[in-house]
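Student: Could you walk me through this structure before I set anything up?
Tutor: Gladly; have a look at it below and then ask away.

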Amino acid sequence: MKTEEINGLTKVYAIIGDPISAVRSPAATNAEFSRLGENAVMIAIHVAPADLKTVWAAFTKMKNLDGIIVTMPHKAAICDLVDEIGTNAQVVGAANAVKRCPDGTWAADMFDGIGFVEGMKSQGHTLKGRSIFQSGAGSAGTAVAVALAQESISKLVISDIDKAREKLAVDRIRQAFPALNIKAGLIDEGPF
């Protein structure tokens, strides 16, 4: 969409984070809106953590704001502000997308892991029954682990330099997927 085509009916989407200068989502999303002929635009909004609640209150009053991509450091905090939290966001404890529902409420969920797994599958990788070692247990890493667990992998070892974060991720996934063989730390000696 060309800027001269933006009008009072244009749906607005945002990506929020701190910092925000490096994001590329608006360019890619706006190109897709244009390709699809959608009267919509995405903008990047720099929101400091201390201002998130205030900015969120303003967002909920904006009638043409339909969705928000959430990036660091707001992925966990956004869950306390929305009306509904999806299953993946509940397990991860963080969300990366928020949408306005038809009734005006706001729902959040986490799609980082689903995107990762779909990318692997599109390249011909089969995950069911596999043993996986994963390095990283932040919100995106935990989201990947959840998506892997949803693919019926047989074993998952999660390692993170932050041992408290590592334990939290393993505990969350173990609770959500009790049949999964999961542990924290490094790969055991011998066959994985």
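**Helix 5 and its surroundings**

Tutor: In this predicted model, the buried residues of helix 5 pack against helix 3 (87-92), helix 4 (112-122), strand 7 (131-135), strand 8 (155-159) and helix 6 (163-176).

Student: How many of the residues of helix 5 are buried?
Tutor: Helix 5 is mostly covered, with 10 of its 12 residues buried, and among them are Ser 139, Gly 141, Thr 142, Leu 148 and Ala 149.

Student: What span should helix 5 have, and what do its end C-alpha atoms give?
Tutor: Helix 5 covers residues 139-150, so at 1.5 Å a residue it should span 16 Å, and the end C-alpha atoms lie 17 Å apart, which agrees.

Student: And what happens just after helix 5?
Tutor: There Ser 152 takes a positive phi of about 60°.

Student: Switching topic, where is Ala 57, and is it buried or partly exposed?
Tutor: Ala 57 sits in helix 2, which runs over residues 52-61, and it counts as partly exposed because its relative accessible area is 41%, between the cut-offs of 20% and 50%.

Student: How far is Ala 57 from Leu 81?
Tutor: The two are 24 residues apart in sequence, while their C-alpha atoms are 8.8 Å apart in space.

Student: What about the whole chain?
Tutor: The chain has 6 helices and 9 strands, and buried residues make up 38% of its 192 residues. Of the contacts with a separation of 6 or more, 65% come from residues 24 or more positions apart.

Student: How many positive and negative side chains are there?
Tutor: There are 20 positive and 21 negative side chains, and the centres of the two sets lie 3 Å apart.

Conventions: Residues numbered from 1 in each chain as written. Predicted model: local features only at pLDDT ≥ 70, side-chain atom pairs only at ≥ 80, totals over all residues. Heavy atoms only, no water. Helix = DSSP H or I, 4+ residues; strand = E, 2+ residues; numbered from the N terminus. Buried < 20%, exposed > 50% of the residue type's maximum accessible area, 1.4 Å probe, protein only. Contact = heavy atoms within 4.5 Å. Lys, Arg positive; Asp, Glu negative; His and termini not counted. Charge placed at Lys NZ, Arg CZ, Asp CG, Glu CD. Expected span 1.5 Å × (residues − 1).
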